[in-house]
Amino acid sequence: SANAARDDMACEASRLEQCQSKANEELEGIKNSNDAKTAEIEALQRKLDTMETTAQDVHSQLEISMKEKVEEVNQYKTQVEKLSMDVLELKAELESANAARDDMACEASRL
């Protein structure tokens, strides 16, 4: 009976070792899977960081480009205003010349 009990205990110990071995294998698989997922997450985070940096760079370039375009438009506005003033001056000179011509024509007709 002692032999039977010893055999039962040896059998139970063997079964427990197998269970522990299987549990260790499963745990190792879970750990490997977790490590792989962690590496994937880190890679995705690096990609996200790169995309954010690129987006910030593009935004900065757009801001610079917009400022340049606004400056260019302001220069055109200034040129248009100057040309408008030049046109007004030329109109005034033309009106003055026409008035002088009319005066001379009138004077000539009196002579």
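**Cysteines.** I began with Cys 19: its sulfur lies 11 Å from the closest cysteine sulfur, in Cys 11, which is too far for a bond. A disulfide here is a pair of cysteine sulfur atoms within 2.5 Å, and the count by that rule is 0. As a reminder to myself, a disulfide is a covalent bond between the sulfur atoms of two cysteines.

I then looked up how open two of the cysteines are. Cys 19 counts as partly exposed because its relative accessibility is 40%, and Cys 106 is partly exposed too, at 38%. The cut-offs I used are buried under 20% relative accessible area, exposed over 50% and partly exposed in between, with a 1.4 Å probe and protein chains only.

**Ground rules.** This is a predicted model, and I kept to its limits: local features need pLDDT of at least 70, side-chain atom pairs count only at pLDDT 80 or more, and totals for chains, interfaces and linings use all residues. Residues are numbered from 1 along each chain as its sequence is written, and side-chain values use heavy atoms, with hydrogens and water left out.

**Overall form.** What does the secondary structure come to? I found 1 helix and 0 strands, where helices (H or I, at least four residues) and strands (E, at least two) are DSSP runs numbered from the N terminus. Helix H1 covers residues 2–110 and includes Glu 25.

I checked the dimensions next. Along the principal axes, the C-alpha atoms of the protein chain fill a box of roughly 160 × 15 × 10 Å. The radius of gyration is 47 Å, while a compact globule of 111 residues would have one near 13 Å; the radius is taken over C-alpha atoms, and the globule rule is 2.2 Å times the number of residues to the power 0.38.

**Surface.** How many of the 111 residues count as buried? The share is 0%. Glu 25 is exposed, because its relative accessibility is 56%. The protein chain exposes about 10200 Å², with carbon and sulfur atoms supplying 59% of it; these areas come from the Shrake-Rupley method with a 1.4 Å probe.

**Charges.** I noted 14 positive and 25 negative side chains, the centres of the two sets lying 2 Å apart. Lys and Arg count as positive and Asp and Glu as negative, without His and the chain ends; each charge is placed at NZ of Lys, CZ of Arg, CG of Asp or CD of Glu.

**Salt bridges.** Side chains of opposite charge can pair when their charged atoms come close. I found 7 salt bridges in the structure, each a side-chain nitrogen of Lys or Arg within 4 Å of a carboxyl oxygen of Asp or Glu. I wrote down three of them:

- Arg 6 pairs with Asp 7, with the closest N and O atoms 3.5 Å apart. Arg 6 is exposed at 52%, and Asp 7 is partly exposed at 43%.
- Glu 12 meets Arg 15 at 2.7 Å, N to O. They sit 3 residues apart in helix H1, about one turn. Glu 12 is partly exposed at 35%, and so is Arg 15 at 42%.
- Lys 69 meets Glu 72 at 3.8 Å, N to O. Both lie in helix H1, 3 residues apart, about one turn.
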